[in-house]
Amino acid sequence: MTTKKEQRLRRARQTRIRIADKGVCRLSVNRTNLHIYATVFSADGTRVLATASTAEAEMRQALGAAGKGGNVAAAQQIGKRIAERAKAAGVDKVAFDRAGFAYHGRVKALAEAAREAGLQF
């Protein structure tokens, strides 16, 4: 029997195969209990073009206390920040890789904030 983590990674692998066939940049999201991370990879998947996370020092200060990175408000701020950094790197269109996580809660909040900030996917 497979564990919950193995099931999530299997879903993520299938998504990444489909994104690689499209040949576009990939916005990947990872979440933990305390933080959320967003990374934009190049179309071939070899380079990191932009990153944003609640683990960054200035984001921790902006959020206030130490465990405030695991909520929807923090995910919205990361979505805006990753969109700004991706546009600065010359990326306007990406494929969204939710890494096997359900499109719900923090993952959805990050995606919608990135769309509002001008990133297309």
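Predicted model: local features only at pLDDT ≥ 70, side-chain atom pairs only at ≥ 80, totals over all residues.
The largest nonpolar core holds 27 residues, of which Leu27, Val40, Ile82 and Leu110 touch the most other members. Two or more residues of this core are given by each of strand S1 (25-31), strand S2 (36-41), strand S3 (48-53), helix H2 (57-63), helix H3 (72-88), strand S4 (94-97) and helix H4 (106-116), and the largest share, six residues, comes from H3. In soluble globular proteins, nonpolar side chains tend to be buried together. When residues up to four places away in sequence are not counted, Ile82 touches Leu27, Ala38, Thr39, Val40, Ala50, Thr51, Ala52 and Ala114.

The buried residues in H3 are Ala74, Ala75, Ile78, Gly79, Arg81, Ile82, Ala83 and Ala86, and what covers them includes S1, S2, S3, H2 and H4. After H3 comes Gly90, a residue with a positive phi near 90°.

The count of salt bridges comes to five. One of them is formed by Arg26 and Asp97, with the closest N and O atoms 2.8 Å apart; this pair links distant parts of the chain, since Arg26 belongs to strand S1 and Asp97 to strand S4, 71 residues apart. Both Arg26 and Asp97 are buried. In another salt bridge, the side chains of Glu56 and Arg85 meet at 3.0 Å, N to O, and here the link is between the loop joining S3 and H2, where Glu56 is found, and helix H3, where Arg85 is found, 29 residues apart. Arg85 counts as partly exposed, because its relative accessibility is 29%.

A salt bridge is also present between Arg81 and Glu58, whose closest N and O atoms are 3.0 Å apart. Because Arg81 lies in helix H3 and Glu58 in helix H2, the pair ties together parts that are 23 residues apart in sequence. With buried taken as under 20% relative accessible area, Arg81 counts as buried at 18% relative accessibility, whereas Glu58, at 47%, counts as partly exposed. Through salt bridges that share partners, Glu56, Glu58, Arg81 and Arg85 are joined into one network.

A further arginine, Arg8, lies in helix H1 (residues 4-22) and is buried yet has no salt bridge, the nearest side chain of opposite charge being that of Asp97, 7.9 Å away. The side chain of Arg8 instead reaches the backbone oxygen of Ala99 at 2.8 Å, and, neighbours within four places in sequence being left aside, Arg8 is in contact with Ala99, Gly100 and Phe101. Ala99 itself is placed in the loop between S4 and H4 and has a positive phi of about 60°, although it is not a glycine. With a relative accessible area of 4%, Ala99 is buried.

The side chain of His35 makes a polar contact with the side chain of Thr54 at 2.8 Å. Apart from neighbours within four places in sequence, the residues in contact with His35 are Thr54, Ala55, Gly69, Gly70 and Arg106.

Note on methods:
Residues numbered from 1 in each chain as written. Heavy atoms only, no water. Polar contact = N/O pair within 3.5 Å; in protein donor to acceptor, adjacent residues only side chain to side chain. Contact = heavy atoms within 4.5 Å. Core = buried A, V, L, I, M, F, W, Y, C linked by side-chain atoms within 4.5 Å. Buried < 20%, exposed > 50% of the residue type's maximum accessible area, 1.4 Å probe, protein only. Helix = DSSP H or I, 4+ residues; strand = E, 2+ residues; numbered from the N terminus. Lys, Arg positive; Asp, Glu negative; His and termini not counted. Salt bridge = Lys/Arg side-chain N within 4 Å of Asp/Glu carboxyl O.
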